[in-house]
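Please keep the sequence and the 3D view open while reading.

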Amino acid sequence: MNIAGTSALVSGASRGLGEALSLELARQGAKVVLVARSRERLDPIVRRIREAGGEAHALEADLGDKTQIYPLAGAAAALVGSIDLLIHNASELGPTPLRLLLDTECEDLERVLAVNLLGPFRLSKAIAGSMAVRKTGTIVHVSSDASVSAYERWGAYSVSKAALDHLARLWAAELGGHGVRSFSVDPGEMDTRMHAAAMPDADPSTLARPADVAEKIVRLIRSDDVANGARIEVSKSGDSR
Amino acid sequence: MKAATLPRSEPNRERLLVVDPERDTFADFSIADLPQFLGPGDAVVLNDAATLPASLRADEELELRLMSELEDGTWLALTLGRGDSRVPTEARGSPRPLSRGEQLDFGSGLRACVISVEPESSSRFVRIVFEQTGSALWQALYRAARPIQYSYLARPLALWDVQNAFASRPWAFEPPSAAKPLTFETLFGLEARGAILAHLTHAAGISSTGDSALDRRLPLGERYEISVATATLVNETLARGASVLAVGTSVTRALEAAARGGRVQPGSERTSLLLGPSSKLQICSGLLTGLHEPGTSHYSLLEAFASRGLLDRSFAHAEAQGYLQHEFGDSCLILAGALRDQLRAKQAA
């Protein structure tokens with residue numbers, strides 16, 4: 001898909017990969033709606049994009065709260081028009097330090113699923129119908145290797161991402177014939193606040209920079225070669241195209 | 001006819017009254033049967049406007065209903081007085097007159113200033129400008145406002161109750177409700193039959209002010225946008241002699257307002273076009289719509305598609321059969337030749 005002129009919505013855009021994806025999309029000419037729970041952190045990023053000549057708007061929303069989904073979808077479309085590119089990047093890790101499943105509160109699992117799975121489902125439901133009628137649109141689900149590997153203590157996050165991967169496949173199965181692409185990306189280990197919270201002892205110098213990963217993901221979005229419903233490990237996606 | 005008092009949880013079961021002006025007859029179906037009435041190459045045109053929360057409360061004595069967003073970023077609004085959503089609009093108290101320069105606070109950080117008041121509307125039509133712009137405005141509007149409510153409903157409407165499954169930009173002030181019963185099962189079913197889905201955006205305006213003199217001035221100029229792709233698709237459909245089915249009166253009014261010499265002109269315009277028995281339709285061959293009472297402007301628009309006699313007979317039948325009317329009620333398809341095959345099958349039997 002062409003990025004220039006595209007209307008994009010990026011959740012979890014106030015830091016890490018979401019911020020980097022927003023900057024990269026705006027740099028390539030997309031009109032970007034940045035979404036996060038706190039507007040305060042979004043405003044400087046929006047300013048930065050605008051100062052560089054791009055178009056960006058900040059919307060505050062908690063994707064774990066179902067009453068905020070339609071207001072978000074409506075406000076986003078009011079600002080940039082029908083959404084062509086939807087990136088589900090917002091994630092909730094659950095309480096840290098991470099806990100064994102037997103020590104995980106059911107309410108913590110519910111909250112993780114609300115943000116990482118139900119939120120993306122609800123937001124896609126509010127936006128993908130228009131894509132299916134317009135016969136164009138791309139939905140990207142930001143996943144994790146925890147969705148395929150069962151790491152101890154990553155339980156809540158891990159099941160939410162496994163389900164998110166499958167949600168991506170199901171959207172592709174149902175909407176692929178109607179012009180809508182859906183896939184998930186595993187960004188690999190990055191130097192982000194979330195990574196530091198989950199693995200405080202990791203050496204940041206061994207981790208990928210979000211900006212580099214974002215560039216690769218945007219390359220995947222532009223490419224027509226990504227199979228609908230695919231789960232792509234970004235570190236292995238290489239520098240083709 | 002009784003009103004539907006709740007949004008349906010299983011829209012595929014909604015009833016569909018099929019009216020065939022060519023055969024001068026009607027028959028009962030369910031909305032899930034819709035695809036069988038369209039064929040390869042027919043166009044089904046949808047209004048993809050999302051419904052914005054258009055009802056704003058300044059205080060207990062004053063509600064503003066947004067009616068139109070103007071090109072200069074100001075908004076036209078209607079004032080309503082004391083009474084909540086359970087009180088029919090016509091029974092609401094007289095709103096206090098607003099004056100130019102007055103500041104209004106709707107809560108959640110949404111504030112506006114009155115720019116002008118129209119005396120001819122008993123001062124009920126006002127033009128306002130919001131303090132915020134851009135994302136701050138939309139964020140505050142969605143927090144402070146609610147969708148317009150209907151007194152005959154069993155419970156207040158949430159924002160998701162008033163959206164169609166394919167809605168996008170929030171241009172509509174009241175729901176373009178004809179498409180409410182359309183699930184993607186049905187929409188994809190139409191495509192599987194070879195019909196083509198097309199879309200336009202029409203800012204469906206408010207249907208009633210509670211004052212019959214003001215109602216006669218509706219609709220105010222409502223903006224619509226028809227893309228080049230949609231205009232081309234509709235024009236090619238007409239050139240092939242296939243049907244153009246308008247889903248809802250807002251689509252009908254946009255397509256007919258944009259008609260020039262039997263072809264649709266793409267573009268972004270405003271229309272206050274009203275259609276009735278003497279209208280000659282240039283574009284639309286058929287209409288999918290909700291059911292509303294005779295005597296309304298909606299019913300009058302139906303007369304552009306079918307004779308009064310056929311409509312009266314069909315609707316009397318629908319009422320006797322317990323069809324439900326209004327925003328969340330049953331549906332009616334008016335399409336010439338729709339029942340051709342059914343009648344043939346019946347005769348053969």
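This is a predicted model: local features need pLDDT of at least 70, side-chain atom pairs count only at pLDDT 80 or more; totals for chains, interfaces and linings use all residues.

Just after α1(A) comes A:G29, which has a positive phi of about 100 degrees.

Which residues of α1(A) are buried? They are A:L17, A:G18, A:A20, A:L21, A:S22, A:E24, A:L25 and A:A26. These buried residues pack against several elements of chain A, including the strands β1 (7-11) and β2 (31-36) and the helices α2 (39-51) and α7 (210-222).

Two packed helices are described by the angle between their axes and the distance between the axes. The axes of α1(A) and α7(A) come within 8 Å and cross at roughly 55 degrees. The two helices are therefore oblique to each other, and their crossing is right-handed. On the α1(A) side, the residues in contact are A:G16, A:L17, A:A20, A:L21, A:E24 and A:L25. In α7(A) they meet A:P210, A:A211, A:V213, A:A214, A:E215, A:I217 and A:V218.

A disulfide is a covalent bond between the sulfur atoms of two cysteines. Over all chains, the structure holds zero disulfides. B:C284, for example, is in no disulfide; the nearest cysteine sulfur belongs to B:C332 and is 15 Å away. The table gives the accessibility of two cysteines.

| Cysteine | Relative accessible area | State |
|---|---|---|
| A:C106 | 54% | exposed |
| B:C284 | 7% | buried |

B:C284 counts as buried because its relative accessible area of 7% is under the 20% cut-off.

Definitions and conventions. Residues are numbered from 1 along each chain as its sequence is written. Chains are lettered from A and ligands numbered from 1 in the order in which they are written. Side-chain values use heavy atoms; hydrogens and water are left out. A disulfide is a pair of cysteine sulfur atoms within 2.5 Å. Buried means under 20% relative accessible area, exposed over 50%, partly exposed in between (1.4 Å probe, protein chains only). Helices (H or I, at least four residues) and strands (E, at least two) are DSSP runs, numbered from the N terminus. Contact means heavy atoms within 4.5 Å. Axes are lines fitted to C-alpha atoms, for helices over the stretch in contact, and angles run from 0 to 180 degrees between N-to-C directions. Angles under 35 degrees count as roughly parallel, over 145 as roughly antiparallel, 65 to 115 as roughly perpendicular and the rest as oblique. A crossing is left-handed if the near helix is turned anticlockwise from the far one by less than a right angle, and right-handed if clockwise.
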